[in-house]
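Here are my notes on this chain. Please read them with the model open beside you.

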Amino acid sequence: MLIIDRFEGEWAVIEYGRKTFNFPKTLLPKKAKEGDVITISISIDREATAKRERNIEKLADQLFED
């Protein structure tokens with residue numbers, strides 16, 4: 001369970017079991033408040049990853065041209 005413990009500036013301090021971590025406040029719903037239980041969903045953007053890899057490959061090719 002993820003619980004918003006408090007806000008510190010631009011960060012929300014999130015409790016996860018016995019651990020806490022900072023999370024950007026701007027990524028939370030505007031009405032989120034201390035004590036709210038939140039859910040977070042994470043997925044991999046395969047298209048963006050492939051594009052990034054192609055860009056890195058291009059840069060490496062330019063850097064190491066003979």
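1. What share of the 66 residues of the chain counts as buried? The share is 15%. Buried means under 20% relative accessible area, exposed means over 50%, and partly exposed lies in between (1.4 Å probe, protein chains only).

2. A word on the source. This is a predicted model: local features need pLDDT of at least 70, side-chain atom pairs count only at pLDDT 80 or more, and totals for chains, interfaces and linings use all residues. Residues are numbered from 1 along each chain as its sequence is written, and side-chain values use heavy atoms, with hydrogens and water left out.

3. Start with the fold. The chain has four strands and one helix. Along the sequence, the pattern reads β-β-β-β-α. Helices (H or I, at least four residues) and strands (E, at least two) are DSSP runs, numbered from the N terminus.

4. Next, the overall form. The radius of gyration of the chain, taken over C-alpha atoms, is 19 Å. A compact globule of 66 residues would have a value near 11 Å. That globule rule is 2.2 Å times the number of residues to the power 0.38. Along its principal axes, the C-alpha trace spans about 60 × 25 × 25 Å.

5. Now the core. The largest nonpolar core has eight residues: Leu2, Ile4, Ala12, Ile14, Phe23, Leu28, Ala32 and Ile38. Strand 1 (2-8) and strand 2 (11-16) each supply at least two residues of this core. A nonpolar core is a set of buried Ala, Val, Leu, Ile, Met, Phe, Trp, Tyr and Cys residues joined through side-chain atoms within 4.5 Å.

6. Which residues does Ile38 touch, leaving aside its neighbours within four places in sequence? Ile38 is in contact with Leu2, Ile4, Ile14 and Leu28. Contact means heavy atoms within 4.5 Å. For the whole chain, take contacts between residues at least 6 apart in sequence: 34% of them join residues at least 24 apart.

7. Asn22 sits in strand 3 (residues 19-24). Why does Asn22 count as partly exposed? Because its relative accessibility is 47%. Asn22 and Ala12 are ten residues apart in sequence, and their C-alpha atoms are 5.6 Å apart in space. Neighbours within four places aside, Asn22 is in contact with Trp11, Ala12 and Val13.

8. Lys33 lies in the loop between strand 3 and strand 4 (37-38). Its contacts, neighbours within four places in sequence aside, are with Ile4 and Phe7. Lys33 and Ile3 are 30 residues apart in sequence and 9.7 Å apart in space, C-alpha to C-alpha.

9. Turn to the helix. Asn55 is in helix 1 (residues 46-63), and Ala60 is found in helix 1 too. Asn55 counts as partly exposed because its relative accessibility is 36%. Ala60 is partly exposed, with a relative accessible area of 30%. From Asn55 to Glu34, 21 residues apart in sequence, the C-alpha distance is 41 Å. Ala60 and Asp45 are 15 residues apart along the chain, with 23 Å between their C-alpha atoms.

10. Last, the surface. The chain exposes about 6200 Å², and carbon and sulfur atoms supply 52% of it. Accessible areas come from the Shrake-Rupley method with a 1.4 Å probe; for residues, only the protein chains shown count as cover.
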